[in-house]
Amino acid sequence: MPASARQEYSGWYQWYFHTERGKVGLEQNRREICHLLWELWSPNWKFTDAQFAETAGSFDNPDFVEIVIHSYRHRYGAAAGDASLKAIERQLAGQPRINLPTIVLHGEGDGVHPAGLSEGQENLFSGHYQRRIIPAAGHLFPREAPNAVTAAVHELAG
């Protein structure tokens with residue numbers, strides 16, 4: 001179903017990747033596109049060139065573009081999934097309740113998925129559930145707020 005105009009706007013790149021122009025654009029401009037997406041996804045994070053470079057090497061993987069394009073197309077039904085996983089995909093489409101202790105971390109400054117999108121999800125879980133908003137963090141909050149991530153993992157593991 002369509003989202004709000006602002007939400008659709010924030011996902012512009014997903015629709016761009018559904019076109020051949022987007023695929024070629026990502027092939028030719030992968031660092032520029034990914035840098036822009038980092039800025040849009042996490043507007044409060046002022047990452048350095050060195051921080052970006054730590055990840056940017058992975059964009060040179062010869063499979064990078066195919067994997068990214070397939071991922072975005074598959075999530076909207078525009079590309080087939082792995083046939084061996086169809087049964088699992090059908091099961092997940094029914095949104096079975098998750099019976100594991102869960103802590104959801106959501107970046108307050110997420111430029112793609114506003115924090116409000118994770119509200120009201122308690123009914124999807126039958127075990128311990130907690131939702132935490134990470135102040136100022138964006139879509140890449142494991143890099144922006146690693147202490148919040150490790151604290152949640154330790155809490156669940158403890």
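The following exercises, with worked solutions, concern a predicted model.

**Exercise 1.** Determine how helix α3 and helix α5 are oriented relative to each other.

*Solution.*
Step 1. Two packed helices are described by the angle between their axes and the distance between the axes.
Step 2. Helix α3 covers residues 20-41 and helix α5 covers residues 64-75; they pack at an angle of about 80 degrees, and their axes are 10 Å apart.
Step 3. Angles of 65 to 115 degrees count as roughly perpendicular, so α3 is roughly perpendicular to α5.
Step 4. On the α3 side, the contact includes E20, K23 and W41, while the α5 side includes F64, E66 and R73.
Step 5. The residues of this contact divide into 8 nonpolar, no polar and 6 charged.

**Exercise 2.** Describe the largest pocket by its volume, its lining residues and their classes.

*Solution.*
Step 1. The volume of the largest pocket is about 290 Å³.
Step 2. Its lining consists of M1, A3, Q7, E8, G11, Q14, W15, R75, Y76, V112 and H113.
Step 3. Two elements, α1 (5-10) and α2 (12-16), each give two or more residues to this lining.
Step 4. By class, the lining residues are 5 nonpolar, 4 polar and 2 charged.

**Exercise 3.** Locate V112 and decide whether V112 is buried or exposed.

*Solution.*
Step 1. V112 belongs to the loop between β1 (102-107) and β2 (129-134).
Step 2. Its relative accessible area is 1%. Buried means under 20%, so V112 is buried.
Step 3. Leaving aside neighbours within four places in sequence, V112 is in contact with Q7, S10, Y13, Q14, W41 and H139.
Step 4. V112 is also among the residues that line the largest pocket.

Note on methods:
Residues are numbered from 1 along each chain as its sequence is written. This is a predicted model: local features need pLDDT of at least 70, side-chain atom pairs count only at pLDDT 80 or more; totals for chains, interfaces and linings use all residues. Side-chain values use heavy atoms; hydrogens and water are left out. On a 1 Å grid over the protein atoms alone, a cavity is a set of points where a 1.4 Å probe fits but cannot get out, and a pocket is an open set with protein on both sides within 12 Å along at least five of seven lines; lining residues have an atom within 4 Å of a point. Grid points are joined across faces, edges and corners, and a volume is the space filled by probe spheres set on the points. Helices (H or I, at least four residues) and strands (E, at least two) are DSSP runs, numbered from the N terminus. Ala, Val, Leu, Ile, Met, Phe, Trp, Tyr, Cys and Pro count as nonpolar, Asp, Glu, Lys and Arg as charged, and the others, Gly among them, as polar. Axes are lines fitted to C-alpha atoms, for helices over the stretch in contact, and angles run from 0 to 180 degrees between N-to-C directions. Angles under 35 degrees count as roughly parallel, over 145 as roughly antiparallel, 65 to 115 as roughly perpendicular and the rest as oblique. Contact means heavy atoms within 4.5 Å. Buried means under 20% relative accessible area, exposed over 50%, partly exposed in between (1.4 Å probe, protein chains only).
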